[in-house]
Amino acid sequence: GRSVDLVLVTNVTTGAEGKFEVMLGPYSPLVVTQPGLAPAWRDPSTNDTNGAPMVLSPPAILAGVVVDETDKPMSGAEVFVCVAHTGDKQDYRTFLHRKLARELFSSHTDASGRFRIENFPANSTAELDVRAPGKVLPPRRAQYSPESLLWHSGQQDIRLVVEPPADIEGKVETDMGETVTNAWVELRSVARTLAVPWEPYLIVTNGRFRFAGVAGGAYQVFAQFGTNQPPDWVAEAVEVTVRSGQSVKGVEVKAAKGGILRVKSIDKQTGKPIERSEERRVGKECRSRWSP
């Protein structure tokens, strides 16, 4: 399903001994800030009612330069952290993503293209993104792990190269040529990335979609329909390849009724069916492959 972009929803102030109490929903990171110190964050577990102390550290620096594809410095560009990790590399609870990371760690380049983020915590790593008119930072191939983040606290030789963006436009319709209105479309990079410069999900209301600000590369367009489970319609992923600065139009995503595939699990030792079963709607190709 679609990922949730987290935002700051609650502010609390600590007491004299640094204690606080706050109610958090599922997958809600806890962020602590103090003037003069770098922020700290953690995603508490559901049973973490009195967890380890949140330790604030002196701020470190992330600094470097942004240039375009001709090596010309980019002035006035926003450089921000889009993914961050702090502390123990084995701890996946200390990831911070997208809007919250951008709110905390952001800077703008000067006339020589230099940027400087001054409040990043020590012993932390980050993935950076750039917002500049008519330019985009190509997403980097990376796995979802603390070791995959490219930049680290105190680094001042970062070099970010932006390029002209591409656009991908198309339509979602049934195999009979009828417009589909109740759907959402996802643009996914073939190479796994931690951050993308474009909005990865679009709601389709008139059958048309357009992904702007896309970097050159290979992509897949996915579509999902309505809220029924299994859905009334399915569609095969459509592959699209674009070059930097290119506009690709006419991408067609075909929705079909498909068929129901029921999967039942069997105990390997006893040969008896396991109670849990799964039901999915699949397209024609998959349906024919699994038909008896």
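Here's a quick tour of a few local features in this structure. It's a predicted model, so local features need pLDDT of at least 70 and side-chain atom pairs count only at pLDDT 80 or more, while totals for chains, interfaces and linings use all residues. Residues are numbered from 1 along each chain as its sequence is written, and side-chain values use heavy atoms, with hydrogens and water left out.

**The sheet**

- Four strands make an open sheet with mixed pairing, in the order S15-S12-S19-S17. Strands here are DSSP E runs of at least two residues and helices are H or I runs of at least four, numbered from the N terminus; two strands pair if DSSP finds at least two bridges between them.
- At the edges sit S15 (208-214) and S17 (234-235), each pairing on one side only.
- S17 runs antiparallel to S19 (residues 247-256), and 2 bridges join them. Val234 has Ala256 in S19 as its bridge partner.

**Positive phi without glycine**

- Asp71 isn't a glycine, yet its phi is positive at about 75°. You'll find Asp71 in the loop between strand S3 (59-67) and strand S4 (78-86), and its relative accessibility is 46%, so it counts as partly exposed. (Buried is under 20% relative accessible area, exposed is over 50%, and partly exposed is in between, with a 1.4 Å probe and protein chains only.)
- Arg98, also not a glycine, has a positive phi of about 45°. Arg98 lies in helix H1 (residues 98-104) and is partly exposed at 30% relative accessibility.

**Around Thr86**

- Thr86 is in strand S4 and is buried, with a relative accessible area of 15%.
- The side chains of Thr86 and Ser124 make a polar contact of 2.8 Å. (That's a pair of N or O atoms within 3.5 Å; within protein, one must be able to donate a hydrogen and the other to accept it, and residues adjacent in sequence count only if both atoms are side-chain atoms.)
- Leaving aside neighbours within four places in sequence, residues in contact with Thr86 (heavy atoms within 4.5 Å) include Trp41, Thr94 and Pro121.

**Rings and charges**

- The whole structure has 8 aromatic pairs. (Rings of Phe, Tyr and Trp, using its six-membered ring, pair if their centres lie within 6.5 Å; planes under 30 degrees apart are stacked, over 60 edge-to-face, and the rest tilted.)
- Phe105 and Phe120 are edge-to-face, because their ring centres are 5.1 Å apart and their planes are at 75°.
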